[in-house]
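Student: I would like to go through some local features of this model. Please show it first.

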Amino acid sequence: MDTIMTPIMDWLAKTREAFNPETVLNSLIAACVVTLVIYLIIRLWRRIILKLQARLEKAQTTTLKPLRFQKLDLLSADDIASMINDGLRIAYWLGCAVLIVVNINLVFGFFPATRGIAARVLDHVRGTATAMGENLYAYLPKLTVIIITAVIAFYAVRVARLVFRGLATRRITINGFYPEWAMPTFGLVRLVIIAVAFVLILPNLPAAHSPAFRGVSIFVAVLVSLGSTAAVANMISGVVLTYTRAFKVGDRVRIADTVGDIKEKSLFVTRIVTPKRVEIAIPNSLVLANHVVNYSSLARREPGLIIHTSVTIGYDVPREKVENLLIEAAQATEHLEAAPEPFVLVTSLDDFYICYEINGYTRNARQMPGISSELHGHIVDRFNEAGIEILSPHYSAIRDGNQLSMPAEHLPQDYEPAPFRIHPFEGLFKKK
């Protein structure tokens with residue numbers, strides 16, 4: 001009987017102690033004091049963090065120096081200050097979380113009714129923390145490799161971006177490296193860095209050697225290999241086009257039958273805006289498979305790009321006069337250069353006419369349609385003013401064939417055309 005009543009008596013004694021007004025009051029006072037102390041510690045911790053942030057903000061403009069390479073800031077003073085500020089914020093919130101957990105455990109321990117809960121919670125937290133610590137300690141070498149690899153990859157990409165931006169803006173110069181290569185090369189370098197980091201991190205993941213992870217990896221690899229053939233071809237073509245410097249953004253080009261200005265040049269497509277304001281996206285594999293005519297490449301250098309057009313004039317008009325009129329028309333055209341002077345080529349001697357080609361230099365390849373239109377207008381005006389018909393491509397005239405079709409100054413001084421002969425029709429229609 002005593003063995004049965006002893007636990008009951010102990011439970012009753014603990015219950016009376018737990019609900020004793022004096023005990024509850026003492027526990028409540030102790031809980032309030034501890035909570036107040038924890039609150040004051042949190043306030044003090046906040047003031048310390050704020051003072052450190054204020055000093056950091058002051059040092060950002062005075063003593064904090066950027067990390068430099070040649071003329072390029074790899075890490076500016078603002079970047080360094082931002083990293084330190086982020087560390088201070090993490091430290092503040094981590095300290096607050098630890099103090100709050102300690103406060104809750106202490107408050108629960110002051111009250112007899114919740115003392116068991118506090119002990120069980122503490123044991124559970126201790127057990128969980130111990131298990132996590134043991135697992136983390138066992139996984140620590142792999143985790144260290146992952147963290148170090150990720151940090152190195154992150155900052156390697158960041159440094160590479162800054163270096164290649166410096167190359168693109170000519171703040172950093174390397175002999176034989178063109179500025180337009182900078183950002184495409186950065187894209188390739190970033191891809192290589194991420195790929196190497198992924199290869200190093202993948203075997204160290206917790207489930208890297210599980211059958212499920214291997215099955216998913218094989219499935220993804222098959223999908224990528226089957227569906228990325230065209231993408232890989234376009235990417236390789238884009239790399240080739242970049243390093244061959246066939247064109248750059250803003251150039252006026254002809255790709256197959258498409259003429260326009262390069263708007264965007266990426267690893268996969270080249271975007272062209274035609275003179276009619278139509279945007280065309282051409283896969284890089286098609287660009288590489290066709291010939292590319294770059295009108296802007298030589299227009300930027302002396303003597304410039306040659307714009308030409310042809311007219312056909314009959315043999316009866318003096319050649320010197322036609323050439324002078326064509327040169328005058330070219331000189332009157334706005335975007336054609338005065339030096340070197342325009343010149344005329346006689347390209348063919350056809351049955352009915354002579355083909356003359358007027359050539360003029362320009363430095364503005366993007367205005368080619370407007371220049372050609374203005375040149376044609378001036379040619380028409382000059383020939384109309386001179387009283388010369390532009391009979392193109394050829395004409396037919398009824399003549400007796402006696403007068404020679406040559407300029408008058410080239411005919412002999414005593415030249416007289418033969419008279420027009422008419423043969424009699426007598427006897428042609430006689431009956432036999």
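Student: In which sense do strand β9 and strand β10 pair, and over how many bridges?

Tutor: This is a predicted model. Strand β9 covers residues 343-349 and strand β10 covers residues 354-362. A hairpin of 4 residues links β9 to β10, and Val346 sits opposite Tyr356 in β10. The two strands pair in the antiparallel sense, over 6 bridges.

Student: Which peptide bond is cis, and what is its omega?

Tutor: Look at the loop between α10 (319-331) and β9, where Pro340 is placed. The cis bond runs from Ala339 to Pro340, with omega near -5 degrees.

Student: Is Ala256 buried, partly exposed or exposed?

Tutor: Ala256 belongs to the loop between β3 (252-255) and β4 (258-265). Its phi is positive, about 60 degrees, although Ala256 is not a glycine. Buried would need under 20% relative accessible area and exposed over 50%. Ala256 has 26% relative accessibility, so it counts as partly exposed.

Student: And Arg277: buried or exposed?

Tutor: Arg277 lies in the loop between β5 (269-273) and β6 (279-283). Arg277 is not a glycine, yet it has a positive phi of about 60 degrees. With a relative accessible area of 69%, Arg277 is exposed.

Student: Which residues gather in the patch of positive charge on the surface?

Tutor: One of them is Arg47, found in helix α2 (residues 21-61). Arg47 has a relative accessible area of 54% and is therefore exposed. The patch is formed by Arg43, Arg46, Arg47, Lys51 and Arg55.

Notes:
Residues numbered from 1 in each chain as written. Predicted model: local features only at pLDDT ≥ 70, side-chain atom pairs only at ≥ 80, totals over all residues. Heavy atoms only, no water. Patch = residues over 30% accessible without salt bridge, like charges linked within 9 Å, V, L, I, M, F, W, Y side chains within 5 Å. Areas by Shrake-Rupley, 256 points an atom, 1.4 Å probe, with all protein chains shown as cover. Salt bridge = Lys/Arg side-chain N within 4 Å of Asp/Glu carboxyl O. Lys, Arg positive; Asp, Glu negative; His and termini not counted. Charge placed at Lys NZ, Arg CZ, Asp CG, Glu CD. Buried < 20%, exposed > 50% of the residue type's maximum accessible area, 1.4 Å probe, protein only. Pairing = 2+ DSSP bridges.
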